[in-house]
Amino acid sequence: MKEGRSKPNHKANRRSFLKKGVLAAGAATAGAGLLATRLSAVSHGPEEKSGRLTPGDASILRFLAAAEILETDLWQQYNELGGIQDSEVPGGSGSPLYTAALKVLDGDMDQYIHDNTEDELTHEVFINAYLASKGADTVDLDRFRTLPSSKATGAQQIGRLTNIMQLTVDTTWWTRYRSRTKNPDFGDTFPQAIPALAVGQHPAIPRSDDDLTPSDHIQAIANTAGFHFGTIEQGGTSLYPSLAQRVTNAEVLRVVLSIGPTEAMHFQTWQDKAGNAPALSDPRTPR
């Protein structure tokens with residue numbers, strides 16, 4: 001972490017989980033449905049190249065690359081409006097009112113968002129570069145960038161892979177990781193921490209400048225984002241270790257296992273910050 005990016009009253013050690021490494025990582029499970037139905041379209045033909053990797057190892061890495069591309073798309077939209085604006089994460093110019101609402105959850109939220117975004121961007125680039133170095137096909141989802149951007153001041157007007165302006169957010173991860181008596185491996189189910197987010201469609205970024213007021217409305221949007229951050233990251237905590245058990249090449253195993261632990265650290269931070277979301281009623285009905 002560059003010291004110049006910290007404000008004087010910030011504690012650098014609170015952001016140590018995001019320090020850069022060759023394989024600092026985090027994976028998204030958001031968009032898994034898209035992955036399941038679209039991965040065949042990523043192929044360059046019926047005989048997809050695995051190069052010097054086994055077909056199975058190459059496919060696992062392509063799955064992870066696609067997940068990271070989707071995750072980068074999510075986090076870039078958050079950073080454009082609520083993160084630190086610099087050349088490390090291209091695009092966007094920020095939304096001060098949205099950023100201020102996010103900072104109610106934690107004073108360093110803009111820095112966390114920025115660094116998580118940069119992490120995911122480097123992850124997708126690394127995995128694709130590794131595939132290419134082995135002569136294997138890489139992943140390119142640009143053809144699917146057809147969803148609209150937020151119209152709020154500060155957002156880029158480009159095609160997106162994901163839509164965070166109409167979210168139904170599963171918050172059972174909050175109760176699952178706090179249960180003393182239940183275990184999902186034994187078939188136990190868990191209640192929603194925020195039942196209202198599990199129904200309807202909720203914006204996690206301002207859809208336009210009209211969403212910046214009243215104050216409780218933009219705070220409700222920031223609260224939605226705070227819980228969605230954990231939803232994005234919680235799946236990767238098990239995704240990478242699960243896939244690591246299926247690779248055969250020792251070097252591929254090193255790649256996959258280097259990513260998983262940082263994914264867990266990402267989730268640990270976001271589940272902590274979500275707990276600071278203030279209780280309120282959105283004065284405007286989600287549209």
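**Close-up views of a predicted model**

**View 1. Polar contacts of Asp-73.** The side chains of Asp-73 and Arg-145 are joined by a polar contact of 3.3 Å (a pair of N or O atoms within 3.5 Å; within protein, one must be able to donate a hydrogen and the other to accept it, and residues adjacent in sequence count only if both atoms are side-chain atoms). A polar contact of 2.6 Å links the side chain of Asp-73 to that of Thr-162. The model is predicted, with local features requiring pLDDT of at least 70 and side-chain atom pairs counting only at pLDDT 80 or more, whereas totals for chains, interfaces and linings use all residues. Residues are numbered from 1 along each chain as its sequence is written, and side-chain values use heavy atoms, leaving out hydrogens and water. Asp-73 belongs to helix H2 (residues 55-82) and is buried, at 4% relative accessible area (buried means under 20%, with a 1.4 Å probe and protein chains only).

**View 2. Aromatic pairs of Phe-229.** The whole structure holds eleven aromatic pairs (ring centres of Phe, Tyr or the six-membered ring of Trp within 6.5 Å; planes under 30 degrees apart are stacked, over 60 edge-to-face, the rest tilted). Trp-75 and Phe-229 form a tilted pair, with centres 4.8 Å apart and planes at 35°. Because Trp-75 lies in helix H2 and Phe-229 in helix H6 (residues 215-234), this pair ties together parts 154 residues apart in sequence. Tyr-78 and Phe-229 pair edge-to-face, at 4.7 Å centre to centre and 90° between the planes.

**View 3. Aromatic cluster.** Ring pairs connect Trp-75, Tyr-78, Tyr-112, Phe-229 and Trp-270 into a cluster. Trp-75 is buried, at 0% relative accessible area.

Key:
Helix = DSSP H or I, 4+ residues; strand = E, 2+ residues; numbered from the N terminus. Buried < 20%, exposed > 50% of the residue type's maximum accessible area, 1.4 Å probe, protein only.
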